[in-house]
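Please examine the sequence and the structure before reading on.

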Amino acid sequence: MNYVALHRHAQVSLSRSAVAHNVAVIKNHAHAQQVMAVLKANAFSHGLPEMAMLSIQSGATRFGVAMLDEALALRDLGYQQPIDVLGLTDPQFVRIAAQRDITLAFSSLATIQQAAKVLADTSLHLKVSLPVDTGLNRIGFKERDQLVLAIQEAVVSKQLEFQSLWTHFATADTPNETYVDFQISEWQRLTQNLPAQPKEQHFANTGMATWYADKVDTDIVRLGVGLFGIDSSEPTMPMPFELEPVLELTAEVIFSKPIKAGEAVGYGADYRAKHDGWLLTIPVGHSDGYPFNADGMRVLIADGQVGHIAGGVAMDQTMIFVDKPVNIGVQVTLIGSVGAQSVTLPDLAQYSSVSIVALMNNFAPRLQRIIVP
Ligand SMILES: *Cc1c(COP(=O)(O)O)cnc(C)c1O
């Protein structure tokens, strides 16, 4: 069951101005007409309802998601903007997609034919997108003749609308420009002289819009990781502009006591206090998405002290060593900034040896989300 912990002092804050900034700088840099906010996996775990609202308020005009259920969740929230399901959907589910005006992707002639069959004799219309596999080798058409047949099927069927052609790049957030160029040449080879043109085409995720925007049509940017203010290339590519991190993770001190040099802290009793100080307990742990192996990582206390994680992070609670006493109720920032100090999500990912993307996708639904200016 899904629940939100409203009765504890731990939360994710999402910055409205950071989302607005990120959408604006990327849109501007790539000369994009439209931003598709890619909100798969509960908006990269940041929270779907909150990020959907902030994205639209920031000028995104449409949504991309990984699966039909995520699209339905957005419709249930009341959004009427176009929604692209970017993964594949079993054709047996096309009716509900058509009823709720959700664009589905198809990767084979057979599945398009099945979709047409399921919708035959109905008055429903389904928007169809056709991914072209130019080198990621995940989904999409890799053979031109199959693509041509699929387009013909989509055009002939009364119930299908040929909405879009698109592709996705494998090395957009790496310096491997050769492979980007290879994928572009594959696109040209596979899509020349097609029997019909789609209403739209899209190519650029965050990486393409950031580093290779001059190589592809960026009218529509499919904005995922950059929306959240995260540089997924770090540290391999120089950012041409600054993104602002959207998320902060904070908790309040719920217990505080002095600790003597040499005392053990936490499971395994491996951590020993190096000198006398204070030990704070906060009500957040690795089941909330904070990394398990962050022993020693710095955290920011609202009084200006920098503490560090003492011992292993437990499921729901974490201990912090500080030099000077801190009262119950004082805020501790695990990801975010306090004054001039900051702990970024990439800092924490690096410290605990997890990938940035894994860390940013791991915030638990039970964490309360609040929106801040
Ligand atoms: C996830 C995804 C995106 C968003 O990519 P980012 O690199 O996070 O911007 C765009 N397009 C497709 C097909 C995706 O799967």
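At what angle do helix 6 and helix 7 pack, and how far apart are their axes? In this predicted model, helix 6, formed by residues 109-119, packs against helix 7, formed by residues 144-156, at an angle of about 10°, and the axes lie 9 Å apart. Because angles under 35 degrees count as roughly parallel, helix 6 is described as roughly parallel to helix 7. On the side of helix 6, the contact is made by Leu109, Ile112, Gln113 and Ala116, while helix 7 contributes Gln146, Leu149, Ala150, Glu153 and Ala154. Sorted by class, this contact has 6 nonpolar, 2 polar and 1 charged residues.

**The chain as a whole**

The two helices belong to a protein chain with 11 helices and 20 strands. Its C-alpha atoms fill a box of roughly 75 × 45 × 35 Å along the principal axes. The chain has 373 residues, of which 52% count as buried. Among contacts between residues at least 6 apart in sequence, 69% join residues at least 24 apart.

**Two buried residues**

Gln163 is located in strand 7, which covers residues 160-166. Is Gln163 buried or exposed? Its relative accessibility is 10%, and since buried means under 20%, Gln163 counts as buried. Leaving aside residues up to four places away in sequence, Gln163 touches Thr103, Lys127, Val128, Pro198, Lys199 and Glu200.

Ser352 is found in a loop, between helix 10 (345-351) and helix 11 (356-360). With a relative accessibility of 1%, Ser352 also counts as buried. When residues up to four places away in sequence are not counted, Ser352 touches Pro291 and Asn293.

**The surroundings of the ligand**

Which residues are around the ligand? They are Val38, Lys40, Phe44, Leu86, Arg138, Trp166, His168, Asn205, Thr206, Arg222, Gly224 and Val225.

| Residue | Ligand atom | Distance |
|---|---|---|
| Lys40 | oxygen | 2.9 Å |
| Asn205 | oxygen | 3.0 Å |
| Arg222 | nitrogen | 2.8 Å |

For Lys40, a polar side-chain atom lies 2.9 Å from an oxygen atom of the ligand. Asn205 likewise places a polar side-chain atom 3.0 Å from a ligand oxygen atom. In the case of Arg222, an N or O atom of the side chain is 2.8 Å from a nitrogen atom of the ligand.

Definitions and conventions
Residues are numbered from 1 along each chain as its sequence is written. This is a predicted model: local features need pLDDT of at least 70, side-chain atom pairs count only at pLDDT 80 or more; totals for chains, interfaces and linings use all residues. Side-chain values use heavy atoms; hydrogens and water are left out. Axes are lines fitted to C-alpha atoms, for helices over the stretch in contact, and angles run from 0 to 180 degrees between N-to-C directions. Helices (H or I, at least four residues) and strands (E, at least two) are DSSP runs, numbered from the N terminus. Angles under 35 degrees count as roughly parallel, over 145 as roughly antiparallel, 65 to 115 as roughly perpendicular and the rest as oblique. Contact means heavy atoms within 4.5 Å. Ala, Val, Leu, Ile, Met, Phe, Trp, Tyr, Cys and Pro count as nonpolar, Asp, Glu, Lys and Arg as charged, and the others, Gly among them, as polar. Buried means under 20% relative accessible area, exposed over 50%, partly exposed in between (1.4 Å probe, protein chains only). A residue is near a molecule or strand if one of its heavy atoms lies within 4 Å of it. A polar contact is a pair of N or O atoms within 3.5 Å; within protein, one must be able to donate a hydrogen and the other to accept it, and residues adjacent in sequence count only if both atoms are side-chain atoms.
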